[in-house]
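Dear colleague,

I am passing on the structure below, together with some notes on what came out of it. Please read them with the model open beside you.

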Amino acid sequence: MYKIVRKEVLNPSVSLIEVEAPYIARKAEPGQFIILRVDEKGERIPFTIADYDRDKGTVTVIFQIVGKSTESLNELGEGDSLQDMVGPLGVASNFEGVKKVAVIGGGLGTAIAYPQAKKLHSMGVSVDMINGFRNKDLIIIEDLCKAACTNLYTMTDDGSNGNQGFVTAKLEELINSGEKYDLVVAIGPLVMMKAVCDLTRKYDIKTIVSMNPIMIDGTGMCGGCRITVGGETKFACVDGPDFDGHLVDFDSAIARSRMFKNQEAELRERAHKCRLEGMNNA
């Protein structure tokens with residue numbers, strides 16, 4: 001059993017949990033992920049490791065409440081325990097030889113971009129971090145990000161925080177102002193990462209994206225997390241989750257991500273039906 005030692009509500013739909021997992025914390029690196037189950041009947045849910053503390057033996061996960069499983073996870077509090085957790089899985093990010101990097105997080109992707117920026121910053125790399133949210137009420141971990149980079153730019157679609165615009169517009173503004181990036185790291189919704197890659201391709205800037213497709217076992221056996229990279233089939237769980245963004249077939253990845261929308265909606269509707277429904281007819 002994996003005990004939750006800290007829980008924090010970051011916004012109405014996003015929560016943070018810090019979990020006792022000393023063996024995972026000992027080996028975890030930015031870019032890797034874990035798979036957990038809330039209880040013995042729960043499904044296996046993959047989450048990128050948002051942070052880890054080797055001294056405390058804890059791993060931090062930040063998740064969005066989007067369906068039955070994440071709702072069940074969010075019902076747990078400090079002192080409760082997860083049924084099981086496995087990791088670290090995936091290939092750790094490799095930042096060898098870079099000197100100046102732009103790290104871009106979109107929405108919940110900010111929680112995944114944060115450990116990347118933190119690692120780069122600790123290596124002495126100059127890091128410009130650009131985070132994007134729909135509005136100011138959805139902004140998360142801004143203070144942590146500020147401490148993990150050289151310059152932080154937090155953008156909102158509606159300008160409610162005083163900085164209106166997409167992350168791509170800010171990135172292009174920085175490039176045109178003379179910033180020379182060795183690498184861009186983009187993590188967030190598929191459409192956002194695709195837009196970033198379309199932009200950086202014009203400027204011939206290497207771009208790494210973190211792919212989070214449908215995943216079941218996390219060991220490359222089920223094939224559920226397959227994506228096309230450079231015309232070849234790759235498995236995000238064992239070959240990634242980091243990939244060269246200029247080689248990723250985003251159109252097919254976006255199509256596959258929408259395959260179970262109807263089933264997910266139906267399950268949420270069933271889960272939210274009042275248990276007393278129909279009793280008036282008894």
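**A buried asparagine, and the rest**

Asn-131 counts as buried because its relative accessibility is 2%, where buried means under 20% relative accessible area, exposed over 50% and partly exposed in between, with a 1.4 Å probe and protein chains only. This is a predicted model, in which local features need pLDDT of at least 70 and side-chain atom pairs count only at pLDDT 80 or more, whereas totals for chains, interfaces and linings use all residues. Residues are numbered from 1 along each chain as its sequence is written, and side-chain values use heavy atoms, with hydrogens and water left out.

Asn-131 lies in strand S10 (residues 126-133); here helices (H or I, at least four residues) and strands (E, at least two) are DSSP runs, numbered from the N terminus. Apart from neighbours within four places in sequence, Asn-131 is in contact (heavy atoms within 4.5 Å) with Gly-105, Thr-110, Cys-145, Leu-152, Tyr-153, Thr-154, Met-155 and Val-167.

For the protein as a whole, the secondary structure comes to nine helices and 16 strands. The radius of gyration is 19 Å, close to the 19 Å that the globule rule gives for 282 residues, so the protein is as compact as a globular protein of that length; the radius is taken over C-alpha atoms, and the rule is 2.2 Å times the number of residues to the power 0.38. Of the 282 residues, 45% count as buried, and among contacts between residues at least 6 apart in sequence, 64% join residues at least 24 apart.

Five strands form an open sheet in the order S5-S6-S2-S1-S7, with antiparallel pairing, two strands being paired if DSSP finds at least two bridges between them. Its edge strands, S5 (51-53) and S7 (81-82), each pair on one side only. Strand S1 (residues 2-11) is joined to strand S2 (residues 14-20) by six bridges, with Glu-8 opposite Leu-16 in S2. Seven bridges in turn link S2 to S6, where Ile-17 stands opposite Val-61.

Strand S6 (residues 58-64) is mostly covered, with six of its seven residues buried. Three bridges join S6 to S5, and Thr-58 in S6 is the bridge partner of Asp-53. The hairpin of S5 and S6 has four residues between the strands, and Gly-57 in this hairpin takes a positive phi near 70 degrees.

With best regards
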